[in-house]
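Visitor: I would like to go through the terms used for this model and see what each one rests on. Could you set each value against its definition as we go?

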Amino acid sequence: MIRFLDLQKVNAPYADAFRRKMDAALEKGWFILGDEVKQFETDFAAYCGVKHCIGVGNGLDALSLIFRGYIELGKLSSGDEVIVPANTFIATVLAVREAGLTPILCEPDPQTFNLDPREVLKRLTPKTKALMPVHLYGCLADVNALAEIASNHGLLFIEDAAQAHGASIEGKRAGSFGDAAGFSFYPGKNLGALGDAGAITTSDDALAGVVRALRNYGSSRKYHHDRVGVNSRLDELQAAFLNCKLGNLNAENERRREIARMYRNSIKHPEVTIPIDSGESHVYHLFVIRSPRRDELQQHLENNGIETLIHYPLPLHRQPALQPMNETFSISEELSSQVLSLPMSPVMTHDEVAKVIDAINRF
């Protein structure tokens with residue numbers, strides 16, 4: 001079986017380093033907001049090209065705390081509208097709702113799957129206060145066009161960068177294009193921890209200060225609580241594991257791009273649509289094809305020992321948790337019925353990639 005993502009193989013090269021980090025933590029006896037978190041925050045901020053990185057418990061908390069922070073700063077208020085993609089993981093919308101804001105779903109560009117700036121313009125209202133594109137599957141959204149819309153209309157520009165660690169345009173990386181960005185380090189991400197973990201990146205000094213307090217019970221110094229906060233701190237051990245892996249992120253992303261080129265150059269089937277080549281702006285967290293016979297193709301690949309997944313089979317406006325939503329999003333619905341994610345990881349072998357290609361071409 002060619003697994004969709006073999007996390008044992010992905011993490012195996014780091015096993016000795018992980019053990020050394022765990023031994024050091026046990027010897028030191030400091031497990032919350034210690035030197036490993038500080039080191040990761042410093043290094044990841046530098047990697048993304050921003051002034052601040054604030055480590056938090058997970059990617060959902062990262063997005064939620066950005067909104068909470070801007071509410072505390074008076075830049076957002078209850079009921080304000082935030083434009084988000086209609087085709088994304090539910091966490092994007094949950095973060096908006098959790099902060100007491102109103103998510104406004106917007107159709108994607110059917111070629112890139114990302115938030116379509118032309119559709120954004122149609123969804124703007126006097127209540128719109130923020131845009132939050134998702135760099136879906138690891139591909140940067142049209143950040144220049146979206147940033148221009150945000151600037152022209154006085155909107156906050158927040159990146160959901162949970163899938164796009166290291167994606168770049170002309171040397172500028174995901175997490176640095178907007179006012180702030182939320183990252184997830186869920187184990188399956190391009191930069192994955194060994195459990196839940198997340199971070200906020202920003203160059204907004206005021207937001208960084210507020211979020212640092214909010215993640216730690218609203219406290220900026222021990223037992224003094226200036227804000228109604230939460231407990232969402234990047235775990236010291238998870239930060240240590242991320243410190244082991246960050247230095248190899250660029251190389252692993254380049255291996256993903258190499259695999260994507262193999263898929264793109266060699267998959268030749270009239271009923272399979274391959275994602276467009278997006279260069280350095282895509283880090284291929286997922287390699288997602290489309291087919292009108294998606295379910296049959298998935299079964300065919302399974303029969304040939306190839307594991308695939310569907311991201312995502314039910315669009316947001318059809319999710320029971322988000323009802324009632326009375327609008328129809330036809331592009332998102334079409335995508336949800338056709339997309340299929342192929343095996344993708346930096347430890348896939350050339351033979352494994354070739355077997356996936358061959359199986360698709362024989363479908």
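Visitor: How do you know that the span of helix 10 (residues 249-266) agrees with its number of residues?

Guide: Helices here are DSSP runs of H or I with at least four residues, and strands are runs of E with at least two, numbered from the N terminus. The expected span of a helix is 1.5 Å times one less than its number of residues; the 18 residues of helix 10 should therefore span 26 Å, and because its end C-alpha atoms are 26 Å apart, the two values agree. This is a predicted model, in which local features need pLDDT of at least 70 and side-chain atom pairs count only at pLDDT 80 or more, while totals for chains, interfaces and linings use all residues. Residues are numbered from 1 along each chain as its sequence is written, and side-chain values use heavy atoms, with hydrogens and water left out.

Visitor: What do the buried residues of helix 10 pack against?

Guide: The buried residues of helix 10, among them L249, N253, I259 and Y263, pack against helix 3 (35-48), helix 9, strand 12 (287-290), strand 13 (339-342) and helix 13 (350-361). Contact here means heavy atoms within 4.5 Å.

Visitor: Why is C48 called buried?

Guide: Buried means under 20% relative accessible area, exposed over 50%, and partly exposed in between, with a 1.4 Å probe and protein chains only. C48 has a relative accessible area of 4% and is therefore buried, and C244, at 19% relative accessibility, counts as buried too.

Visitor: What makes the contact of helix 2 with helix 9, and how do its residues divide?

Guide: The axes of helix 2 (residues 15-28) and helix 9 (residues 236-246) come within 10 Å and cross at roughly 145 degrees, where axes are lines fitted to C-alpha atoms, for helices over the stretch in contact, and angles run from 0 to 180 degrees between N-to-C directions. The contact is made by A17, F18, K21, M22 and A25 of helix 2 and by L237, A240, F241, C244 and K245 of helix 9. With Ala, Val, Leu, Ile, Met, Phe, Trp, Tyr, Cys and Pro counted as nonpolar, Asp, Glu, Lys and Arg as charged, and the others, Gly among them, as polar, these residues divide into eight nonpolar, no polar and two charged.
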